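Me: I am new to reading protein models. Can we go through this one in short questions?

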Amino acid sequence: MTEKKGASMRTLIVIPAYNEAANLEKLIDDIVNYGENIDYIIINDCSTDDSLEVLNRCGANYINLPVNLGIGGAVQTGYRYAVCKRYDIAVQIDGDGQHDVSYLRDILAPLEKEEADIVIGSRFLNKKGFQSTFTRRIGISFLSGLIRILTGIRIYDVTSGYRAVSGKYLALYAEHYPTDYPEPEAIVKAVTWGACIKEVPVAMKAREKGHSSISGMSSVYYMIKVTLAVILCKLQGK
Amino acid sequence: MSATLRIVLIVGVLLYFIIVYIMLKKKLLVLKYTLLWLLTGIVMLVLVLFPGLLERTTHLLGIELPINGLFTFGIGFMLIILMALTSIVSKQAEKIRVLTQQLALIEKEIKEKNKGERYK
């Protein structure tokens, strides 16, 4: 059997989860059944539902945050755990079950072949699967354009949490990761650090159970905040 | 409003924005908690650049002098910011309490585990 370059890279799936008790069991099953024997860590962001019971019942590998940090803090916890346990690659898969585990190989391949430092799974490259709501797509499109103006890099699905990061940039993220609405800002941060970012097509599923954390009026606040945050991130440089 | 006063106010607001920008850039301020300050600055700037608007809103409140109107708005915004900060501090106090207790409980657990092993 030929040894693929980078096949010995240790990979960890980071699963931030806040009140996703209904989705967790299936997600863990999907990961275990994926067959590649990849490690995972679920970050329970101080959920107020019975996520903890579900995790204990399934014998899942998890970290319990004593205080709610939000998705930025939860993902960063996963990255710190990855660095601590000497993983080479960390892949984020959201606890709500929207990220399809079957695309894992597509996301990891460019990292293992050392073609990129960060890979983002994009809903919009092939336009397959759940494409999100119309208003959200406008917002994402705007942010995508803004990021291109600021960094010169064109990423289409800037809010996708389905992304993997390797090596030096994993260590950097473990130290410095944005707290609120982190996905677009994290891209700009990585570019100022000199990372090579690649986008691969994935299909996502619509959220099955539970509630999204961004809706209605908060989306106006979201747009203003993320726009300012992204611009500030670029201005702050390294 | 006299021309001198207008110039002083405009320079003041611009200086304010420069200071806030520098502090943000140096990461002395976190964007999330600075948003209200930015909103205040924008409203102040608009009122100072358009004295007609300031006059109208001032008279709407029953205040005579536009400069007093500006002060009132300034004080109003500061109250909002202070209230927001108090709310943030309250939440943080709660989080610190939880962390302290959790930390103490973990320490206790570790001590008990060590004690158990010593007598094996």
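Me: Is R97(B) buried, partly exposed or exposed?
Reply: Buried means under 20% relative accessible area, exposed means over 50%, and partly exposed lies in between (1.4 Å probe, protein chains only). R97(B) has 40% relative accessibility. So R97(B) counts as partly exposed.

Me: What are the ground rules for this model?
Reply: This is a predicted model, where local features need pLDDT of at least 70 and side-chain atom pairs count only at pLDDT 80 or more, while totals for chains, interfaces and linings use all residues. Side-chain values use heavy atoms, without hydrogens and water, residues are numbered from 1 along each chain as its sequence is written, and chains are lettered from A and ligands numbered from 1 in the order in which they are written.

Me: Which residue meets R97(B) in a salt bridge?
Reply: A salt bridge is a side-chain nitrogen of Lys or Arg within 4 Å of a carboxyl oxygen of Asp or Glu. Here the N to O distance is 2.9 Å. The partner is E94(B).

Me: How far apart are E94(B) and R97(B) in helical turns?
Reply: Both sit in helix α4 (residues 66-118) of chain B. Helices are DSSP runs (H or I, at least four residues), strands are runs of E (at least two), and both are numbered from the N terminus. E94(B) and R97(B) are three residues apart, so their separation is about one helical turn.

Me: How many salt bridges does the structure hold?
Reply: Side chains of opposite charge can pair when their charged atoms come close. Over all chains, the count is eight.

Me: Which residue forms a salt bridge with D157(A)?
Reply: The closest N and O atoms are 2.8 Å apart. The pair links distant parts of the chain, 34 residues apart: D157(A) is in the loop between α5 (134-151) and β6 (163-166) of chain A, and its partner is in the loop between β5 (118-122) and α5 of chain A. Both residues are buried. The partner is R123(A).

Me: Which residue of chain A forms a salt bridge with K32(B)?
Reply: The closest N and O atoms are 3.8 Å apart. K32(B) lies in helix α2 (residues 31-49) of chain B and its partner in the loop between α6 and α7 (182-193) of chain A, so the pair joins two chains.

Me: Which helix gives the most to the nonpolar patch?
Reply: The patch is I231(A), L235(A), I18(B), Y21(B) and I22(B), with about 410 Å² of accessible area together. Elements that give two or more residues are α8 (218-236) of chain A and α1 (3-25) of chain B. Patch residues have over 30% relative accessible area and no salt bridge; like charges are joined within 9 Å and nonpolar side chains (Val, Leu, Ile, Met, Phe, Trp, Tyr) within 5 Å, with areas from the Shrake-Rupley method and a 1.4 Å probe, only the protein chains shown counting as cover for residues. With three residues, the top giver is α1(B).

Me: What is the relative accessible area of I22(B)?
Reply: I22(B) is found in helix α1 of chain B. I22(B) is partly exposed. The value is 40%.
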